[in-house]
Amino acid sequence: MTKSRLLYPDVLRVMAIIGVVLIHVTAPVIGILDVIEEVRYWWAANIMNSAFRWSVPVFFMISGMFLLDPNRNESAKQFYFKRLARVLPAFVIWSFIYYLWEIRHELNRFETGSFIKGVAEGSLHYHLWFVYTIIALYIIVPLLRLFVKYASQGIIYACAACFIASNLSLISGLLGWRLATEIPQITGYIGYFLLGYYLSITCLDLKRRRLLYGFGIASCLIIVLGNYWMIKYFPSLGSYFYNYISFPVLITAAALFVWFKQIGFNFVTAGTSRLLYLISSSVFSIYLSHVLVMEFLYEWHPWDIVHGNPWMYVFVVTAFILLISFLLYLVWYGGLYMLKGISKLPGRLPKVQELIGQLKEIYDYREMLRNMVLKDLRTKYKGSVLGFLWTFLNPLLMLAIYSFVFSSIMKSDIPDFPMFILVALLPWNYFSQAILQGARSIVNNAELLKKVYFPREILPLSVIGSNLINYLLTLVILIPALWISGIHITTAVFSFPIVLFIQSMIIFPIVMLASLGVPYLRDLEHILNVLMMICFYLTPVLFPVSFIPEQFRWIFDYNPMTPIINAYRDLFLYGQWPDFGTLLPMLLVLIVLNTAIAVVFSVLQRNVVEEV
């Protein structure tokens with residue numbers, strides 16, 4: 001990727017996919033105005049949803065911006081092969097996945113004919129309409145490209161005609177009128193294709209830009225208020241204002257497109273632009289998968305859309321869905337990359353041998369890994385008076401502070417409260433310190449990377465190893481403290497290695513990805529610091545989950561550290577075996593996730609030396 005690459009389309013794609021997910025998270029609230037507990041909660045969801053209605057139109061505008069360029073040197077045959085070869089396989093795979101998802105409770109209903117009919121009718125899942133529309137537009141792109149080439153002066157008039165025609169059809173449908181000629185809604189999306197190309201090649205003067213921005217803000221307000229008016233007084237008609245081809249959404253999308261184009265984002269560093277490109281490349285995959293992720297999470301543990309405050313849960317749920325969807329993309333991308341590489345190496349065993357080879361190489365460098373761990377342990381407190389004693393003093397001082405606050409100032413009635421905190425605080429320190437230090441493991445060893453070859457995995461693994469040893473050493477404080485407090489250690493303590501292993505499996509993929517991300521985006525280090533602070537209060541370290549109101553408890557249920565902290569309390573504090581019914585399925589998922597992340601790391605680490 002060259003420095004001359006336009007960055008604002010990538011930024012638009014990333015912002016648009018965030019908006020699409022947020023739209024789907026808030027959509028259930030929009031339809032229950034008469035049911036929702038507090039009207040202000042509905043208004044919050046309506047404002048969020050309205051603010052991002054431009055997201056889907058922007059996808060079409062970006063496609064038009066690139067695909068309608070008449071200077072592209074490719075024939076219609078080359079275009080169809082390149083574009084449809086990318087879209088059609090993903091469309092078929094995800095159609096099949098969504099079909100299975102829809103009949104998941106009655107898999108015996110599976111019928112090949114029913115699946116094929118659903119694909120033809122577009123009835124498998126509402127979310128796939130976007131792919132149908134994209135395929136239809138791709139089919140006519142060569143014709144649109146000829147129009148742009150030979151009728152460049154008429155592009156804006158063609159846009160206007162498309163939007164007027166599609167809005168006329170939309171409004172007449174809402175009023176129950178029947179037009180003499182049926183106008184398909186795809187006409188509006190053809191308009192977005194043309195508009196995206198037109199705005200990308202047209203430089204608007206300051207006066208016109210300000211006018212467009214003003215109309216864009218006014219249109220956003222019209223969407224908010226108009227949707228309320230339609231739902232309140234004409235609920236049976238649906239909402240014109242939420243429709244992607246309505247005039248208010250059109251103006252908002254155009255204003256955002258021009259604004260992002262004007263900013264340009266050419267000030268970002270080369271490393272940041274590469275990371276941006278990676279995320280932008282994942283947008284189509286995230287679009288296809290995020291609804292499945294959302295429906296799965298809601299079925300597993302539904303968030304309260306009737307009594308819950310959208311300002312409290314929408315952004316958390318949206319971020320969680322985006323993260324899982326992005327990880328699915330990385331797994332898919334890494335898997336395809338591995339298959340492509342393996343296909344060029346006849347006679348070799350598939351993926352398993354590749355992974356075994358990587359593990360063997362790390363094992364061959366075990367002496368280096370050991371030295372790196374010892375180096376981390378020696379230099380951590382180098383130059384301090386108390387030196388290694390800080391390993392024990394840090395958790396003790398934190399324990400003293402928390403115990404004083406929650407026992408004397410904010411009194412807690414939890415039995416053995418100091419031990420209740422200490423048992424959870426020590427593994428939390430292992431988790432947070434390993435991630436924060438591991439994120440800088442590659443950057444901190446930049447000179448070493450440039451001088452000698454060794455498996456890059458050694459660096460983040462050494463940080464995890466040194467923090468693991470630190471955690472094990474703090475047990476020297478924990479065990480006597482439990483004994484002094486009158487808490488007896490039972491045979492349940494033998495489950496400690498299993499819990500510790502599962503926790504380390506949670507830490508490993510985060511550290512591996514963060515260590516690769518920081519060289520490309522140095523801000524990620526500071527973002528992780530903030531996230532760790534947030535996660536600390538979203539993990540039951542200072543309190544049990546039972547203290548959390550029911551409407552917010554689902555946040556803690558989604559936190560993978562919650563069952564880990566509970567397990568440590570069970571085996572140390574309560575003398576009972578952890579809930580393996582929760583831990584063992586988590587372990588199976590983590591094994592798959594860690595394998596995928598190891599593959600992704602081996603693919604992405606090749607160019608990291610250039611960035612450090």
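**Reading the model feature by feature**

Analyst: Phe 265 is found in the loop between helix H10 (247–263) and helix H11 (270–281), where helices are DSSP runs of H or I with at least four residues, strands are runs of E with at least two, and both are numbered from the N terminus. This is a predicted model, in which local features need pLDDT of at least 70 and side-chain atom pairs count only at pLDDT 80 or more, whereas totals for chains, interfaces and linings use all residues. Residues are numbered from 1 along each chain as its sequence is written, and side-chain values use heavy atoms, with hydrogens and water left out.

User: What is the phi of Phe 265, and is Phe 265 buried or exposed?

Analyst: Most residues other than glycine have a negative phi. In Phe 265, however, phi is positive, near 65°, although the residue is not a glycine. Phe 265 counts as buried at 14% relative accessibility; buried means under 20% relative accessible area, exposed means over 50%, and partly exposed lies in between, with a 1.4 Å probe and protein chains only.

User: How many helices and strands are there in the protein?

Analyst: The protein has 24 helices and 0 strands, and of its 612 residues, 50% count as buried.

User: How many salt bridges does the structure hold?

Analyst: Side chains of opposite charge can pair when their charged atoms come close. A salt bridge is counted when a side-chain nitrogen of Lys or Arg lies within 4 Å of a carboxyl oxygen of Asp or Glu, and the structure holds 7 of them. One of these joins the side chains of Arg 13 and Asp 10, at 3.1 Å from N to O.

User: Where do Arg 13 and Asp 10 lie in helix H1?

Analyst: They are 3 residues apart in helix H1 (residues 8–30), so about one helical turn separates Arg 13 from Asp 10. Asp 10 is buried, with a relative accessible area of 0%.

User: Which residue does Arg 208 meet in a salt bridge?

Analyst: The side chain of Arg 208 meets that of Asp 205, at 4.0 Å from N to O. Arg 208 counts as exposed at 55% relative accessibility, while Asp 205, at 40%, counts as partly exposed.
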